[in-house]
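Let's walk through this fold together, one part at a time. Please have the 3D view open so that you can follow along.

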Amino acid sequence: MADLFHRQAKNYAESRPSYPEELFEFIASKTPNHDLVWDAGTGSGQAAKSLAKLYKNVVGTDTSQEQLDYAPKLPNVRYQCTPSNIPMSELESSVARSGTVDLVTIAAALHWFDLPTFYQQVKQVLKKPHGVIAAWCYSVANDNIPLVNEKFGAAFRQFYADSQPYWDLARKVMDDKYRGIDFPFEPVGDGANHTGPFEFTTERVIDLEGFLTFIRSWSAYQTAKEKGVELLRDDVVESFKRAWSEDGGDRKVVKSTIYLRIGKVGNLE
């Protein structure tokens with residue numbers, strides 16, 4: 001999927017939802033120290049920007065330099081373009097040394113990773129036993145349809161169902177709210193006896209064109225285009241327009257639910 005992220009870099013930067021500050025405050029409350037974060041799959045830096053407010057230093061890595069070019073430039077954030085399976089030696093030299101990272105974050109990207117390899121890297125760089133890994137996603141399926149109004153919600157549900165043939169299997173993991181994803185880490189404590197998913201809500205105010213740009217950033221949209229299928233046909237866009245404007249106004253509040261898996265590394269080898 002690397003080519004997709006290169007081609008869609010601008011759409012990603014413009015349309016992907018930001019994440020609520022409550023999410024980052026919750027995560028930060030689970031790390032004893034706040035010195036260094038590795039934000040893996042940082043994309044255009046949506047999470048790195050918020051992490052930089054709570055941690056002294058953030059290293060954001062991604063396989064797409066085009067994505068990184070859209071990331072915010074901040075004094076305590078360093079971006080690094082890396083291969084999809086970065087060798088451990090390169091991880092140590094260009095990202096972080098063993099046992100020096102307080103937190104590893106993965107925002108809406110864990111389902112793309114080679115998990116056995118990545119988890120080995122996470123266990124290598126995190127401080128033991130209290131280093132934390134936090135991975136989250138948002139879903140546009142089932143109860144997390146970003147409803148604008150009832151009519152638009154119905155139209156979008158149908159559209160999402162029609163797009164299913166073009167989604168990668170990894171998308172199913174997101175639609176399952178990361179409940180079934182392999183996550184071999186210990187609960188972070190404070191009364192929690194599991195690693196999630198914990199739920200948070202994010203919202204943004206956008207117009208219809210912003211919402212359509214979000215759809216165009218989907219991997220399914222690009223896959224369909226490559227097969228000669230335009231998911232946003234004129235009749236589909238027209239139905240969206242009618243539903244969007246049904247209750248008046250151009251800009252709408254669109255809510256999404258964030259699903260967080262979080263755990264500590266413990267003394268895992």
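What follows is a tour of a predicted model, going from the sheet to one of its strands and then to a pocket.

As a reminder, the strands of a sheet pair through backbone hydrogen bonds, and they can do so in a parallel or an antiparallel way.

Both kinds of pairing can be found here. For a parallel example, look at strand 1 (residues 36-40) and strand 2 (residues 57-62), which are joined by 5 bridges. If you click on Val37, you can look across to its bridge partner in strand 2, Val58.

How does strand 5 pair with strand 4 and with strand 7? With strand 4 (residues 103-107), the pairing is parallel and spans 5 bridges; here Ala107 stands opposite Trp136 of strand 5. With strand 7 (residues 252-264), the pairing is antiparallel and spans 7 bridges, and Cys137 has Tyr259 in strand 7 as its bridge partner. To follow the chain from strand 4 to strand 5, trace it by way of helix 7 (residues 115-125): strand 4, helix 7 and strand 5 make up a right-handed β-α-β unit.

Are the residues of strand 5 buried or exposed? Of its 7 residues, 7 are buried. The cover extends to both faces of strand 5: Val132, Ala134, Trp136 and Tyr138 are buried on one side, and Ile133, Ala135 and Cys137 on the other.

Finally, turn to the second largest pocket, which holds about 170 Å³ of space. Which helices each supply at least two residues of its lining? They are helix 8 (150-162) and helix 12 (234-244), and helix 8 gives the largest share, with 4 residues. To display the lining of this pocket, select Ala155, Gln158, Phe159, Asp162, Ser163, Val229, Glu230, Leu231, Arg233, Val236 and Ser239.

Notes
Residues numbered from 1 in each chain as written. Predicted model: local features only at pLDDT ≥ 70, side-chain atom pairs only at ≥ 80, totals over all residues. Heavy atoms only, no water. 1 Å grid on protein atoms, 1.4 Å probe; cavity = no way out; pocket = protein on both sides within 12 Å on 5 of 7 lines; lining within 4 Å. Points joined across faces, edges and corners; volume = space filled by probe spheres on them. Buried < 20%, exposed > 50% of the residue type's maximum accessible area, 1.4 Å probe, protein only. Pairing = 2+ DSSP bridges. Right-handed = clockwise from strand over helix to strand, strands pointing away.
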